[in-house]
Amino acid sequence: MLINRKEVEQIAVLAKLRVSESKIDAITSSLDSVVDMINHINEIETDNVKPMANPMDAVQRLRADEVNEISHKEQLLAMASHADDDYFLVPTVVE
Amino acid sequence: MEFNGIREIASALHTKEISVQELHDIYHQRQYSKADELNCLINITPELAKQQIQSSQALIDSNQANILTGIPIVHKDLFCTKDHHTTCGSRMLENFVSPYDATIVDNLNKAGMVTMAKANMDEFAMGSSNENSYFGAVKNPWDVTRVPGGSSGGSAVVVASGLSPIATGSDTGGSIRQPAALCGVTGIKPSYGRASRYGMVAFASSLDQAGVFARSAEDCSIVLSKMCSYDAKDSTSAQVKQEDFSKNLNQSIKGLKVGIVSEWMDSLPEDIRNTTTQAIQKLQDLGAELIEVELPTAHLAVSAYYVIAPAECSSNLSRFDGVRYGYQCENPVDLNDLYVRSRTEGFGDEVKRRIMVGTWALSAGFYDAYYLKAQKIRRLIAQDFSKAFENVDVIAAPVSPETAFEFNAKKDPVSMYQEDIYTIPSSLAGLPCMSIPIGLVNELPVGLQLIGHNLQESIILNVAHQFQQITDFHKQVAEGYYE
């Protein structure tokens, strides 16, 4: 096994996902097969190759910090399950 | 009433042989009679269409119309359509209403196209069979017991079954070309950066690209020309001039150098290989010169892709936290419970698998060994293509190792991922590529992939159009549709 049950549980914590007890073995096995497939990238040596993050090798463009459109605050807040005034509401974090 | 392409529809509209409303009614009627059995649409948008029908008719009546004015279109349901639902095939966005139009939607609206509906798709564009949609699998009109391919399966089926002459799609690793091939339609993905990603729900940002499905290369070229534009709202948008991709359609391809990857051809099952070879032979009949090319790193493309795409997916999909928009679980006990249950209940199995693969690849200790390594492989693949294009103008290749397969045929993820072995390499290199129909094997469509060098959309469209001038494969339709 390239990836075990404990590691899958840890990945789920990092990804903010829950893996149920009834599914964990199946998920571990499917992730293991994916990792096995991925491992083929180690077949060749790439020490002197520059990583390619963007197919055009473009660098992140910055724009001028100018006000260019009206605020959509109300429209965007309306999409939340729970919002009040200018805030998104979540369960109490600090008593 | 059936039209042979956009030019014919536009001519009928401009000469008042038919009104935009009458045209719309034909497609609307077909959608109501066929869309349910094929499950290819998530939402039909009559309110949106109504307004656009009126405004496009007004443009025609005042002689201000262009070739796309009044032409119906269906958008893949990951393109935001202002004030209308955009679900991305997911429970997570089931009730999401777009606050703005995607730039490509805006461009096509401005051209006067009429949005009729939003097409079904694999959840968050992750899949090669359309079995991953929260709204159920899309069926292939050629055989409803088989998949249409994915992830833009709904869009491919809409065009294949005559429910709209045009549909948009998106392609990350083959999501336009593979369903186009499996459904017998023409589909193109332009070069990375050509079409704005603003308002297109993100899966893998360095790969995602919008494109078009139509019945012919000519129709694809007309729509793509209006769809693509430099967009300041997308920081990865290519700063290149808008181009008329149909400008070279009628050029002869005599003397054009067409690259063939023998290794790929040899790996095909015999019947698909024969059909593909015959199609390539037709290019030779048109005067093209066939030249062998090698892509020595391409065999590692699927492995590298399944590091890069899930890594970008895990980052992009971290925005779905149940707080600001999208699905929220019932009665969360605390903030972490809200995050975890909203995501666990809102995402489907394949999306969760890719988030986990990406999270793993980006986690401490693995970043260099997997993510950077995969990006290095990506560069080698891009260099393979650059080298090949020193000797050829276009590469002709298979699209898919098989024709449409039955539902539930691929039980494990890895066998599904291998469906994209011929489409992923050009995606990693960001190249323009398309699929055109080249005939049937056991009564199921087969496609040919045409890959161009960076920003050379007009060359692959030229080759495709010339092929479609001497063949009728792109006119073949499944029995019982287009009626």
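How far does helix α13 (residues 367-388) of chain B reach from its first C-alpha to its last, and what span is expected at 1.5 Å a residue? Some notes on that and on the rest of this predicted model.

1. Starting with the helix in question: α13(B) has 22 residues and covers 31 Å from end to end, first C-alpha to last, close to the expected 32 Å.

2. Now chain A. Its secondary structure is three helices and two strands, and from the N terminus the order reads α-α-α-β-β. The radius of gyration is 22 Å, well over the 12 Å that the globule rule gives for 95 residues, so chain A is more spread out than a compact globule. As for its dimensions, the box filled by the C-alpha atoms of chain A is roughly 55 × 45 × 25 Å along the principal axes.

3. Chain B is another story. I count on 16 helices and eleven strands here. A compact globule of 483 residues would come out near 23 Å in radius of gyration, and the 21 Å of chain B agrees with that. Along the principal axes, the C-alpha trace of chain B spans about 65 × 55 × 45 Å.

4. On to where the chains meet. Chain A puts 40 residues into the contact and chain B puts in 55. On the chain A side, α1 (5-14), α2 (24-38) and α3 (73-77) each supply at least two residues, and α2(A) gives the most, with six. Sorted by class, the side of chain A that touches chain B holds 25 nonpolar, nine polar and six charged residues.

5. The axes of α1(A) and α12(B) (residues 349-362) come within 9 Å and cross at roughly 95 degrees. That falls in the 65 to 115 range, so α1(A) is roughly perpendicular to α12(B). From α1(A), the residues involved are A:Ile11, A:Ala12 and A:Leu14, and they meet B:Met356, B:Thr359 and B:Trp360 of α12(B). By class this contact has five nonpolar residues, one polar and no charged ones.

6. Within chain B, α12(B) also packs against α10(B) (residues 301-316), at an angle of about 100 degrees and with the axes 7 Å apart. These two helices are therefore roughly perpendicular to each other as well. On the α10(B) side the contact is made by B:Tyr306, B:Val307, B:Pro310, B:Ala311, B:Cys313 and B:Ser314. From α12(B) come B:Arg354, B:Ile355, B:Val357, B:Gly358, B:Thr359, B:Ala361 and B:Leu362.

7. Finally, two backbone spots to check by eye. Most residues other than glycine have a negative phi, and most peptide bonds are trans. Between B:Gly150 and B:Ser151 the peptide bond is cis, with omega about 5 degrees; B:Ser151 belongs to the loop between β3 (114-119) and α5 (153-160) of chain B. The other spot is B:Asn331, a residue other than glycine whose phi is positive, near 40 degrees. B:Asn331 lies in the loop that runs between α10 and α11 (335-346) of chain B.

How values were computed
Residues numbered from 1 in each chain as written. Chains lettered and ligands numbered in written order. Predicted model: local features only at pLDDT ≥ 70, side-chain atom pairs only at ≥ 80, totals over all residues. Contact = placed C-beta atoms within 7 Å. Helix = DSSP H or I, 4+ residues; strand = E, 2+ residues; numbered from the N terminus. Nonpolar A, V, L, I, M, F, W, Y, C, P; charged D, E, K, R; others polar. Axes fitted to C-alpha atoms, helices over the stretch in contact; angles between N-to-C directions. Parallel < 35°, antiparallel > 145°, perpendicular 65-115°, else oblique. Expected span 1.5 Å × (residues − 1). Rg over C-alpha atoms; globule rule 2.2 N^0.38 Å.
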